[in-house]
Amino acid sequence: MPNKIILKNKVSNFNRKISIPGDKSISIRWVLISSLASGVSKAKNLLMSDDVLAAIKSIKKLGVKVVNKKGVCKIYGVGVNGYKYKKNIVINAKNSGTLGRLISGILIDTPFPIKIVGDKSLSKRDFKRITKPLSKFGASFRLRNNYNLPLIVRGSQKLKSISFFEDKGSAQCKSSVIFGGIKADGKTIIKAKKSRNHTELLFKHLKLPIKLKKNQKFDLIEINKVNKINPINYSIPSDISSGAFFIALTALSKNSQIIIKNVNVNPTRTGVIVILKKMGVKISLLNKKIYKGEQIADILVKSPSSLKSINCPTKFNSEAIDEFLIIFLIAAKAKGISIFKDLDELNKKESPRLKWGSKILKMMGVKVITTKNSIKIFGNPELKIDKRIEIQKYLKDHRVFMTSVIAALSFGGEWHIHDRDSIKSSFPSFLKIIKSLKNAKKEKFN
């Protein structure tokens with residue numbers, strides 16, 4: 001099968017209910033925590049993407065049994081200190097920053113050096129941001145160029161607690177240190193800029209020795225050494241980051257409506273909803289409930305009659321960091337000039353996403369002005385595309401691929417989008433769901 005798709009036809013109006021796969025952030029955290037539990041944990045709707053499969057393969061290398069049958073994944077946890085460390089273990093995190101960074105925190109007691117590698121994209125990302133605090137526990141790390149994978153971790157049997165100030169709004173850095181803290185003597189204290197809090201909520205649900213205190217800008221987290229983790233059975237809610245592409249498609253379509261079922265609407269993840277509502281998108285949360293500490297709801301989206309520009313408050317940045325590419329698409333069709341600032345972290349993802357967001361918009365004929373950390377988008381409510389656009393050489397960033405698909409279906413033109421296999425890292429069924437929408441079936445995904 002050719003590794004690109006060609007899109008030529010816009011999607012017209014639709015009215016659908018859809019279900020999307022499990023949340024990637026929670027899926028990876030569940031895999032790692034379950035491997036450290038004492039007993040068997042079970043999960044339904046676990047995301048079977050390359051990133052999560054890499055997490056499962058990693059814990060298997062550390063002596064953990066995993067059985068996945070008939071939609072249920074069972075992990076036979078070996079206990080907090082039960083990993084079978086051997087010489088010459090190599091952990092391949094593939095494209096997953098979450099896996100690469102979080103498992104680094106867990107491995108700080110390894111008696112043998114363990115090598116962590118990743119794909120071309122992950123190998124360009126900054127890992128010093130986690131090795132610097134983790135080394136304070138007593139472990140040692142070696143990185144290529146002092147920043148990048150491959151990483152070699154050498155653990156310590158005399159781990160001491162630390163204090164850490166996480167000032168980037170990175171849930172991966174914060175969680176890495178939390179995982180390190182469960183193996184260190186004493187109390188580890190983390191002052192963290194606000195970011196997604198799935199690790200803390202899972203720890204709190206499991207009644208682990210974690211204390212959380214929030215103020216306006218930062219969270220204060222205290223974690224003590226953990227001796228035992230109970231197994232956790234989990235029905236993984238759907239991923240709002242995946243659902244955001246269908247929210248955007250509805251917002252950019254006429255006379256359309258979609259309901260996305262059973263989505264994780266954790267407030268640290270719903271910046272995209274807040275921002276798009278301010279831009280005029282009609283979004284409602286239905287059937288809200290709390291499940292194992294997480295907020296879950298069905299998301300109802302109705303296409304608006306018009307879209308408004310926004311001077312986006314930077315306080316929403318961390319809550320929408322994975323969704324800005326599709327937010328930029330909404331801004332392209334909004335009336336007026338939209339401004340997004342302080343987006344340094346966007347260029348430290350799977351690809352330099354701020355640069356790619358600007359590049360895609362320029363290909364579409366949208367006027368943009370960018371700096372190293374901001375973008376100004378001059379919206380055009382009448383925007384239509386009638387030319388060929390080629391999307392390639394983007395480090396196989398799954399969100400660049402999916403954003404390009406939404407742009408093609410919303411604005412028209414002939415789009416040649418390469419590296420369709422990029423979606424395997426987070427949303428393997430993305431194109432299947434796209435095809436299921438009315439009139440999208442006419443497309444040739446070749």
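This is a predicted model: local features need pLDDT of at least 70, side-chain atom pairs count only at pLDDT 80 or more; totals for chains, interfaces and linings use all residues.

Visitor: Why is α10 called roughly parallel to α11?

Guide: Helix α10 (residues 353-363) and helix α11 (residues 398-411) pack at an angle of about 20°, and their axes lie 11 Å apart. Angles under 35 degrees count as roughly parallel, so α10 is roughly parallel to α11. As for handedness, the crossing of α10 with α11 is right-handed.

Visitor: Which residues bring α10 and α11 together?

Guide: From α10 come Arg353, Trp356 and Ile360, which meet His398, Arg399, Val400 and Ser404 of α11. Sorted by class, this contact between α10 and α11 comprises 3 nonpolar, 2 polar and 2 charged residues.

Visitor: What links strand β19 to β20?

Guide: Strand β19 (residues 367-370) runs antiparallel to β20, and 4 bridges join the two. Lysine 367 stands opposite phenylalanine 378 in β20. The two strands β19 and β20 also form a hairpin, with 4 residues between them.

Visitor: What makes β18 and β19 edge strands?

Guide: The strand order is β18-β20-β19 in an open sheet of 3 strands with antiparallel pairing. Each of β18 and β19 has a single partner strand, so one side of each is left without a neighbour in the sheet and both stand at the edges. On average, neighbouring strands of this sheet are turned by 15° against each other, direction ignored.

Visitor: Which residues of strand β20 belong to its covered face, and which to its uncovered one?

Guide: In strand β20 (residues 375-378), Ile375 and Ile377 make up the covered face, whereas Lys376 and Phe378 make up the uncovered one.

Visitor: Where does helix α9 lie, and at what angle does it run to β18?

Guide: Helix α9 (residues 324-333) lies across β18 and β20, and its direction is at about 160° to β18. Angles over 145 degrees count as roughly antiparallel, so about 160° places α9 in that class relative to β18.

Technical notes
Residues are numbered from 1 along each chain as its sequence is written. Side-chain values use heavy atoms; hydrogens and water are left out. Axes are lines fitted to C-alpha atoms, for helices over the stretch in contact, and angles run from 0 to 180 degrees between N-to-C directions. Angles under 35 degrees count as roughly parallel, over 145 as roughly antiparallel, 65 to 115 as roughly perpendicular and the rest as oblique. A crossing is left-handed if the near helix is turned anticlockwise from the far one by less than a right angle, and right-handed if clockwise. Contact means heavy atoms within 4.5 Å. Ala, Val, Leu, Ile, Met, Phe, Trp, Tyr, Cys and Pro count as nonpolar, Asp, Glu, Lys and Arg as charged, and the others, Gly among them, as polar. Buried means under 20% relative accessible area, exposed over 50%, partly exposed in between (1.4 Å probe, protein chains only). Two strands pair if DSSP finds at least two bridges between them.
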